[in-house]
Structures are given as C-alpha cells and as structure tokens.
Amino acid sequence: MSNLAAPKPRVLLARRIFPDIAARMAVAFDLDYADDDQPLSPEALRQRLQGKLGLFASGTEQITAELLDACPELRVISLMTVGHNNVDLAACSARGVRVSNAPDVLTETTADFGFALMMSAARRISESEHYLRRGDWKQWRVDLFAGADIHGATLAILGMGRIGQAIARRGALGFGMKVIYHNRSRLAPEQEAPIGARWVSKEALLREADHLVIVVPYTPASHHLVAEQDLALMKPSATLTNIARGGVVDDVALARALQQGRLAAAGLDVFEGEPQVHPDLLACVNVVLTPHIASASVPTRRAMCELAEANLRAAFSGQPMPTLLNP
Ligand code: DGY
C-alpha cells in the first residue's frame, strides 16, 4: 500500500532560509515556517514547537532541558551550523532527541574567511580604507599603514579541528608560514608532516605567535580561554583572529591590549553577546570587525541548509542521519 496518505512529520523551520529550499521542505514536511530574519523569542519558540516532531534550527536558538520538557513531542533537532554551543546535548540525549549539525560543508569557506581576516588585520586593510574614505590621505609616507608580514611568519592555531587544519594548509602551502598549534589532541604525524605543523603548549603558542587564529569550539571549558594573562604573553607585534565564538576571548581584555599597544591588531568575526559588540572594541582602530559571516558564501550557506534538510529527511524516513551528533 502506498504511504501517500501518511501524515507528514510536523517540523518547525525556525528562521528564514533560501526560498527554494524552504519551498522544498514545505512539500516534504508539514512545515511551520518562521519566515523572518528576526529570531524567535524563547517563548515564541516554545509555543511554535508545540506538537512538532522536528526542528530546523539556525544555531542561535537556546535548546535547554526546560524547552525540551515543554515540547515533549520533539524528536529531532537539525542545526544548519557546525557550532552547537546553544544546544544542551546531554539533555537532548537523555530525552531521546536526536541532534545533527552541519560540519565539513563550511570548512574551506570558513578557513578562507579566517585567513582573509588575519591578513586584513596584519596588513591594516580595514583601518587604511577608513582613513582613505575619510579624506585623510594627503601624501605617501614611508611607514603609512606599515603592518606585519604574513609570508614566512609564525601562524599559531588554537584548536586544530577541520577548520584549523584548513587554515594551516593555507598558511603553510600558500604563504610559507611556520605552523604551530595547540589542541587537546595532537594530529597524527602523517597529518602534521605535509604542513610542517608542530604541537606546542598553549603558553608557547601565545609567546611564539606572529598571527594567532582561534578556532576552538565554545564550551564551558573554553570560556575566556584567551584572557588578560594570555594576551600578556603575546608579542606586541602579533595579531589575533577569532572566528570561533565570542566568549572564547575576553573582549574587554582584548580591547585593552589593542588600545595599549600590547597587541598590534585583531580580526574578529564573533563576539560575546553578539549581535551587540562591546563599545571598547568599537572604539579600537586596529581591529577588523565582521558580523559572524565566516561561512557566508552563497554556495556554502546553501550547502549548510541542504545538509540540515537532509538530516531531517533521513530522520523521518528511517535512514541514518548523515551528521548526527548524539548517536
Ligand atoms: C557555524 O556553523 O557554527 C558558524 O559559526 C555559522 O554560524
């Protein structure tokens, strides 16, 4: 017997996505589409999840034990992001709620952006563009916006997962950088060798870095992993780039180091309490600030949505979810 008459799974799509993907999902699911760029408030999310079996989440929704208890029919949460710091995975697992994220599809795009942000900070691209637009460019000067070199410099990577390794490849193979890294686990020798990567302690990483790039997941253990005392170990000529999560770096301590010339420049795509940005950072000229767009190329954002869609489809058709986090 055909299952055409079977009811479609009730799914909440919690944020506006690409129209064609949303339209396709509306065919596959009994879809409640929050077709808005404004995130649902926690209360609205709770209400809209009533009776839903699945959630397509943008990654910013706070998925707590309380929310799960208030939405007992929810079985599957599919995140379109690789980061899952807003989801209480243990609470999901304890209630039999499967959670997937969107790894791999954004690795190269995010690494491209991290590299661009690092280069922009080191070569003072953003700062000099503002100067030019203000009409302050009156003459050539020998040290006009003279910054730091990328080629041949020491690239220090904090967090050597997929994105960290993709940044390391760009640095080593594209720019002849010396790569050092700090991570809980070391890469296998055959992963280290092609890029000449060397594991060092966190302290050595900070001391030796010409350009520090932060790519660790945000967990309670990585909250303010780079704080005042860590910044104090860095060379005044060094740069810091954060494409991980706000909260990994103490933004106030960073702004102080930048203002006092204890760090040359920073490139930040993520912030504590974003989309708010701490006023002390906004006041710094030597920081490049971008609104959490490291994975935002059109093909990659589409691929992230499509992977989230594929996870939901798999979950409701009895197939293994391609990128399940809590098997
Ligand atoms: C991710 O996927 O975690 C990126 O930060 C995009 O939000």
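Predicted model: local features only at pLDDT ≥ 70, side-chain atom pairs only at ≥ 80, totals over all residues.
Biologist: Happy to start inside! Which element gives the most to the largest nonpolar core?

Modeller: That core has 47 residues, and Ile-17, Met-25, Phe-56, Ile-157, Met-160 and Ile-167 touch the most other members. Elements giving two or more residues include strand 1 (10-13), helix 1 (19-28), strand 6 (154-158) and helix 13 (298-316). With 7 residues, the one that gives the most is helix 5.

Biologist: How many residues are in the other core, the one that lies apart?

Modeller: Let's look at who belongs to it. Its members include Val-226, Ala-255, Ala-266 and Leu-281. The count for this other core is 31 residues.

Biologist: Nice, Ala-266 takes us to strand 11. Are the residues of strand 11 that point either way buried or exposed?

Modeller: Ala-265 and Gly-267 point one way from strand 11 (residues 265-268), while Ala-266 and Leu-268 point the other way. Buried here means under 20% relative accessible area. On both sides, these residues are buried.

Biologist: And which residue of strand 12 is the bridge partner of Leu-268?

Modeller: Strand 11 and strand 12 (residues 287-289) run parallel, joined by 3 bridges. In strand 12, the partner of Leu-268 is Leu-289.

How values were computed. Residues numbered from 1 in each chain as written. Heavy atoms only, no water. Core = buried A, V, L, I, M, F, W, Y, C linked by side-chain atoms within 4.5 Å. Buried < 20%, exposed > 50% of the residue type's maximum accessible area, 1.4 Å probe, protein only. Helix = DSSP H or I, 4+ residues; strand = E, 2+ residues; numbered from the N terminus. Pairing = 2+ DSSP bridges.
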